[in-house]
Amino acid sequence: SPDQKIDFTRFVVNKPWGCEYLVFSNPHIEIWHLFIKKLASTSVHCHPNKKTGLILLEGEAIFSTLNESFKLNPMDAMVIDAGVFHSTQAISEGGIHLLETENPPEKYDLVRLQDKYGRTKCGYEGKEAMFPDRENSLRFLNRTTVDLIEKDFYNKRVSVQSIKVSEG
C-alpha cells in the first residue's frame, strides 16, 4: 500500500520521462507542474476516481486517449474524465512544461495500462523517486485566504484564486 504520509510540498518527484511537483493543494483540488523531456511520454494510464485537467505552458505535445490524439500548443488545455486512459508526449526540442489539476486530490488513484519504462503494474512512485525541492519551483502552498495569487512562470502569468461558494 502507498505511503500516504508523504508531504509532497517538500519534494520534486523524479519520473523516467522528467519530473513533477505539487504547486497548489486544498481539500478539493491539487495542481501539479510536470516537465516531460523531448520524445518522452507519460504511461497510458487512467484515474478511476478523479477528473484531471492539463494546461500546456511551454512546448508542443501530443495528447492521446485510446481512441484519438491531439496536438497541443502553449495554453491549450484538456479535461479528462475519471476512468479515461490517456498519455502525453513531448515533441518540442526543450520538452514541455504543463500544469495538471486533480479533482479530488488523490495521487495514488492511478492505473497504468502501458508504460515504456517498465512501470505497467506499478502504482505511483515511492520515496526513492523524491528529492528535495528546487528554488525555481512554482509553489502556491500554505495559503488559507481566498485572495488571488499570481506568479510569472515560463513567460506566462499563472494565477490561483480560491472562490468560496456560499450555500443557501
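**The cavity and the sheet**

Guide: The largest cavity is lined by 21 residues, and those lying nearest its centre are Lys-15, Glu-20, His-45, His-47 and Glu-100. Please keep in mind throughout that this is a predicted model.

Visitor: OK, and how many cavities of 30 Å³ or more are there?

Guide: The structure holds one cavity of 30 Å³ or more, and the volume of the largest cavity comes to about 220 Å³.

Visitor: Which elements give two or more residues to that lining?

Guide: Strand S3 (30-36), strand S9 (86-90) and strand S10 (96-103) each give two or more residues to the lining of the largest cavity, and the largest share, three residues, comes from S10.

Visitor: What's the lining like by class?

Guide: Sorted by class, the lining of the largest cavity has eight charged residues, seven nonpolar ones and six polar ones.

Visitor: Switching topic, how many helices and strands does the chain have?

Guide: The protein chain has zero helices and 14 strands.

Visitor: And in what order do the strands of the open sheet come?

Guide: Seven strands form an open sheet, with antiparallel pairing, in the order S8-S5-S10-S3-S2-S1-S12. The edge strands, each pairing on one side only, are strand S8 (77-80) and strand S12 (130-132), and from one strand to the next the twist averages 25°.

Visitor: Remind me, what holds paired strands together in general?

Guide: Strands of a sheet pair through backbone hydrogen bonds, and they may do so in a parallel or an antiparallel manner.

Visitor: Which residues does Thr-52 touch?

Guide: Leaving aside residues up to four places away in sequence, Thr-52 touches His-47, Met-78, Val-79, Ile-80, Glu-100 and Thr-101.

Visitor: Last one, what share of the chain is buried?

Guide: Buried residues make up 44% of the 168 residues in the protein chain. As for contacts with a separation of 6 or more, 67% of them are between residues 24 or more positions apart.

Conventions:
Residues are numbered from 1 along each chain as its sequence is written. This is a predicted model: local features need pLDDT of at least 70, side-chain atom pairs count only at pLDDT 80 or more; totals for chains, interfaces and linings use all residues. Side-chain values use heavy atoms; hydrogens and water are left out. Two strands pair if DSSP finds at least two bridges between them. Helices (H or I, at least four residues) and strands (E, at least two) are DSSP runs, numbered from the N terminus. Axes are lines fitted to C-alpha atoms, for helices over the stretch in contact, and angles run from 0 to 180 degrees between N-to-C directions. On a 1 Å grid over the protein atoms alone, a cavity is a set of points where a 1.4 Å probe fits but cannot get out, and a pocket is an open set with protein on both sides within 12 Å along at least five of seven lines; lining residues have an atom within 4 Å of a point. Grid points are joined across faces, edges and corners, and a volume is the space filled by probe spheres set on the points. Ala, Val, Leu, Ile, Met, Phe, Trp, Tyr, Cys and Pro count as nonpolar, Asp, Glu, Lys and Arg as charged, and the others, Gly among them, as polar. Buried means under 20% relative accessible area, exposed over 50%, partly exposed in between (1.4 Å probe, protein chains only). Contact means heavy atoms within 4.5 Å.
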